[in-house]
Amino acid sequence: MATLDRVKILVLGDSGVGKSSLVHLLCQNQVLGNPSWTVGCSVDVRIHDYKEGTPEEKTFYIELWDVGGSVGSASSIKSTRVVFYNSVNGIVLVHDLTNKKSSQNLYRWSLEALNKDSSPTGVIVSNGEYDREQFIENPVPLLLIGTKLDQIPESKRNEVLTRTAFLSEDFNAEEINLDCTNPKYLAAGTTNAVKLSRFYDKVIEKRYFTRDPSQMTAFTDRKRFNFKSLHYD
């Protein structure tokens, strides 16, 4: 079998939002029974058919890098994560729909990964200084995923989803809201599955089929490292 090309996608967000459960669901199509805290970074892999059903169809590996979600502005904390941010092709931003702070912290996570965090102390949007233009011009595709949808009471669901819709606009990204303990939210043919496939296609398109591929490698290589786990199926 020929070696497949691959793309690297970061999965970022606060601890406890369900990143590990999400990655397991995306890659294994199964619910993660006993999720544990991610220390450093855990990598899992899935296969994706780019432009499926067209003459341009091609199979790729999608590497999903689940980065440990300890929040902090100290340089020591950031320096432990910075090795995972090189040669990134896409970013999935994950937040807990029941935790507003985890949604606000996505601005910090994204700017840290994009090396644009010039205001590391405090939540960037809390003082009205957030500039959405930096994401409009960002060449790295973003996807916003909200977890724990099942834990939101029906009476508050519209309010919460309206708030998260503004996040999607700020990041210039599509959004998916789901329950990581229920695979039906990503079942083939659903709106969420279509959005996910479209995101993967966009990442691959910008990595392999743009006129200037150098624009897609937004970060310089810093050093090699060992990661927690790597699964190829």
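**A chat about loops, strands and salt bridges**

Biologist: Where is the place of N172?
Modeller: N172 is found in the loop between α6 and β6, the latter covering residues 174-177, and please keep in mind that we are looking at a predicted model.

Biologist: What is the phi of N172?
Modeller: The phi of N172 is near 55 degrees, which is a positive value in a residue other than glycine. As background, most residues other than glycine have a negative phi.

Biologist: And how exposed is N172?
Modeller: N172 has a relative accessible area of 48%, and because buried means under 20% and exposed means over 50%, N172 counts as partly exposed.

Biologist: Which residue forms a salt bridge with K148?
Modeller: That residue is D96, and the closest N and O atoms of the pair are 3.3 Å apart. Because D96 lies in strand β4 while K148 lies in the loop between β5 and α6, the pair ties together parts that are 52 residues apart in sequence. D96 itself counts as buried, at 7% relative accessibility.

Biologist: How many salt bridges does the count come to?
Modeller: The count comes to seven salt bridges. One of them joins E63 and R6, whose side chains meet at 3.3 Å from N to O. E63 is in strand β3 and R6 is in strand β1, so this pair links parts that are 57 residues apart in sequence. With a relative accessible area of 10%, E63 is buried, whereas R6, at 30% relative accessibility, is partly exposed.

Biologist: Which residue does K58 pair with?
Modeller: K58 forms a salt bridge with D5, with 3.1 Å between the closest N and O atoms. K58 sits in strand β3 and D5 in the segment before β1, so the pair ties together parts that are 53 residues apart in sequence.

Biologist: Changing topic to β1, how many of its residues are buried?
Modeller: Strand β1 runs over residues 6-12, and six of its seven residues are buried, so the strand is largely enclosed by the rest of the structure.

Biologist: Which strands do bridges join to β1?
Modeller: Strand β3 (residues 58-67) runs parallel to β1 and is joined to it by six bridges, while β4 (residues 90-96) also runs parallel to β1 and is joined to it by four bridges. If you look at V11, its bridge partner in β3 is D66, and its bridge partner in β4 is V92.

Biologist: Then α1, what do its buried residues pack against?
Modeller: The buried residues of α1 pack against β1, β2, β3, β4, β5 and α7 (191-208). Nine of the 10 residues of α1 are buried, so this helix is largely enclosed by the rest of the structure.

Biologist: Last one, where does S15 lie, and what is S15 in contact with?
Modeller: S15 lies in the loop between β1 and α1, and, leaving aside neighbours within four places in sequence, S15 is in contact with W37, G69 and S70. The C-alpha atoms of S15 and T38 are separated by 8.3 Å, although these two residues are 23 residues apart along the chain.

How values were computed
Residues are numbered from 1 along each chain as its sequence is written. This is a predicted model: local features need pLDDT of at least 70, side-chain atom pairs count only at pLDDT 80 or more; totals for chains, interfaces and linings use all residues. Side-chain values use heavy atoms; hydrogens and water are left out. Helices (H or I, at least four residues) and strands (E, at least two) are DSSP runs, numbered from the N terminus. Buried means under 20% relative accessible area, exposed over 50%, partly exposed in between (1.4 Å probe, protein chains only). Two strands pair if DSSP finds at least two bridges between them. Contact means heavy atoms within 4.5 Å. A salt bridge is a side-chain nitrogen of Lys or Arg within 4 Å of a carboxyl oxygen of Asp or Glu.
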